[in-house]
Amino acid sequence: MNHQELVSKEIAEVIDILEQVKDVNRMISIHQSDEDDLMKDQYTHRKENLLEELKDLLKEFDIQPTDLAA
């Protein structure tokens, strides 16, 4: 059995989104000190979209965003 068969499609999508968020966070950090906020704002917007996708995927696991607030 290979790795792809061990991970469901939904879990793979969650992992992919989390990896994208990690990359976007790095880019936001890089552009934090820019005088022009354009790039930072674009990455922040991208992060917001990724988090919305993540929220939708977590619903498939019967997890609400409020369940994660501890």
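Helices α2 and α3 pack with their axes 9 Å apart, at an angle of about 160 degrees. That makes α2 roughly antiparallel to α3, a term for angles over 145 degrees, whereas under 35 counts as roughly parallel, 65 to 115 as roughly perpendicular and the rest as oblique. This is a predicted model, so local features need pLDDT of at least 70 and side-chain atom pairs count only at pLDDT 80 or more, while totals for chains, interfaces and linings use all residues. Residues are numbered from 1 along each chain as its sequence is written, and side-chain values use heavy atoms, with hydrogens and water left out.

**The helix pair**

- Helix α2 covers residues 9-30, and helix α3 covers residues 38-59; helices here are DSSP runs of H or I with at least four residues, numbered from the N terminus.
- For the packing angle, each axis is a line fitted to C-alpha atoms over the stretch in contact, and angles run from 0 to 180 degrees between N-to-C directions.
- The crossing of α2 and α3 is left-handed, meaning that the near helix is turned anticlockwise from the far one by less than a right angle.

- Val 24 sits in helix α2 and counts as buried, at 8% relative accessibility; buried means under 20% relative accessible area, exposed over 50%, and partly exposed in between, with a 1.4 Å probe and protein chains only.
- From Val 24 to Glu 53, 29 residues along the chain, the C-alpha atoms are separated by 14 Å.
- Ile 28 is also part of helix α2, and its 13% relative accessibility makes it buried.
- Between Ile 28 and Gln 42 there are 8.8 Å in space, C-alpha to C-alpha, for two residues 14 apart in sequence.
- Asn 25 belongs to helix α2 and is partly exposed, with a relative accessible area of 31%.
- The C-alpha atoms of Asn 25 and Lys 47 are separated by 7.7 Å, and these residues are 22 apart along the chain.
- Arg 46 lies in helix α3, where a relative accessible area of 34% makes Arg 46 partly exposed.
- Arg 46 and Val 21 are 25 residues apart in sequence, and their C-alpha atoms are 8.6 Å apart in space.

**Salt bridges**

- How many salt bridges does a search of the whole structure find? There are 2, each needing a side-chain nitrogen of Lys or Arg within 4 Å of a carboxyl oxygen of Asp or Glu.
- Side chains of opposite charge can pair when their charged atoms come close.
- Lys 9 and Glu 13 are separated by about one helical turn, because they are 4 residues apart in helix α2.
- Lys 9 is exposed, with a relative accessible area of 61%, whereas Glu 13 is partly exposed at 28% relative accessibility.
- Another salt bridge links the side chains of Lys 55 and Glu 52, with 3.2 Å from N to O.
- Lys 55 and Glu 52 are 3 residues apart in helix α3, so about one helical turn separates them.
- Lys 55 is partly exposed at a relative accessible area of 33%, and Glu 52 is partly exposed at 42% relative accessibility.

**Surface patch**

- Which residues form a nonpolar patch on the surface? They are Ile 11, Ile 15 and Phe 61, with about 240 Å² of accessible area together.
- Patches are made of residues with over 30% relative accessible area and no salt bridge, joining nonpolar side chains (Val, Leu, Ile, Met, Phe, Trp, Tyr) within 5 Å and like charges within 9 Å.
- The accessible areas come from the Shrake-Rupley method with a 1.4 Å probe, and for residues only the protein chains shown count as cover.
- Ile 11 lies in helix α2 and is partly exposed, given its 38% relative accessibility.

**A positive phi in a loop**

- Most residues other than glycine have a negative phi, and most peptide bonds are trans.
- Asp 62 has a positive phi, near 60 degrees, and is a residue other than glycine.
- Asp 62 is found in the loop between α3 and α4 (65-68), and its relative accessible area of 61% makes it exposed.

Definitions and conventions:
Helix = DSSP H or I, 4+ residues; strand = E, 2+ residues; numbered from the N terminus.
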